[in-house]
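The following report is meant to be read beside the sequence and the coordinates.

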Amino acid sequence: GGGSSELVWLARGAPGARIAERMKVWISMPLGVVTLAEEFGGEDVDEGVYEAMVARVTQALAPFLAAVGGERERARFHHLGTSGTVTTVAGVHLGLQRYERRLVDGVWLDDVAAAAAVMALRRMDYAARRAHGCIGPARADLVLAGCAIYDAIRRAFPAPRLRVADRGLREGILSELMAEDGIDHG
């Protein structure tokens, strides 16, 4: 998010199991794309600035890493990313000229493809990011901060794949509440 990033370690569960029942570790890091871009800048992000952002996020990840402990080495897992940065990464990977939710939502990227899309974003200057249909003027100064957050997570939790969800935390909470009330949210 803009002011924070939420990370959750979920256990595999039976079909229909509530997310809350599968949640093993959860943290809300006080770093998001806006706070990171405000701290380091978002327009001209060279290698040094980018790596400084990754280091800052890595430091904030420490409590989550400690809580997950050795489970990350033993577990078979993948990343699930929601909204913002990961949807942009997916759009760049897919070569979209403009963002198309129906093509992005639910797409799987292997780690090599995700890393290549992040690198493509990092190689764009500010003007190119502003002009890109999956980024635009509103996110051009924020997307590299999001990439730094994602890279810090990728380095701390190497996974073979990323699943991209167009919808975010609010939609997930709303879906669970609706399901509890017996409402089909299709």
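Is the crossing of α3 and α9 left-handed or right-handed? The crossing of these two helices, α3 and α9, is right-handed, where left-handed would mean that the near helix is turned anticlockwise from the far one by less than a right angle, and right-handed that it is turned clockwise. The model is a predicted one, in which local features need pLDDT of at least 70 and side-chain atom pairs count only at pLDDT 80 or more, while totals for chains, interfaces and linings use all residues. Residues are numbered from 1 along each chain as its sequence is written, and side-chain values use heavy atoms, with hydrogens and water left out.

Helices (H or I, at least four residues) and strands (E, at least two) are DSSP runs numbered from the N terminus. Helix α3 (residues 47-68) packs against α9 at an angle of about 50 degrees, and the axes lie 8 Å apart. That makes α3 oblique to α9, given that angles under 35 degrees count as roughly parallel, over 145 as roughly antiparallel, 65 to 115 as roughly perpendicular and the rest as oblique. The axes are lines fitted to C-alpha atoms, for helices over the stretch in contact, and angles run from 0 to 180 degrees between N-to-C directions. Residues of α3 that meet α9 include Y50, V54 and L61, and those on the α9 side include L144, A148 and A152, with contact meaning heavy atoms within 4.5 Å.

A search of the whole structure finds 4 aromatic pairs, a pair being rings of Phe, Tyr and Trp (its six-membered ring) with centres within 6.5 Å, stacked if the planes are under 30 degrees apart, edge-to-face if over 60 and tilted otherwise. The rings of F77 and F157 have centres 6.5 Å apart and planes at 80 degrees, so this pair is edge-to-face. It joins distant parts of the chain, as F77 lies in the loop between α4 (71-74) and β3 (79-82) and F157 in the loop between α9 (143-156) and β5 (161-165), 80 residues apart. W9, F64, F77 and F157 form one aromatic cluster.

| Charged residue | Ring | Distance from ring centre |
|---|---|---|
| R122 | Y50 | 3.7 Å |
| R161 | W108 | 3.6 Å |

F77 counts as buried at 17%, and F157 is buried at 4%. In helix α5 (residues 84-94), 8 of the 11 residues are buried, so α5 is largely enclosed by the rest of the structure.

Conventions. Buried means under 20% relative accessible area, exposed over 50%, partly exposed in between (1.4 Å probe, protein chains only). A charge sits over a ring if NZ of Lys or CZ of Arg is within 6 Å of the ring centre and within 35 degrees of the ring normal.
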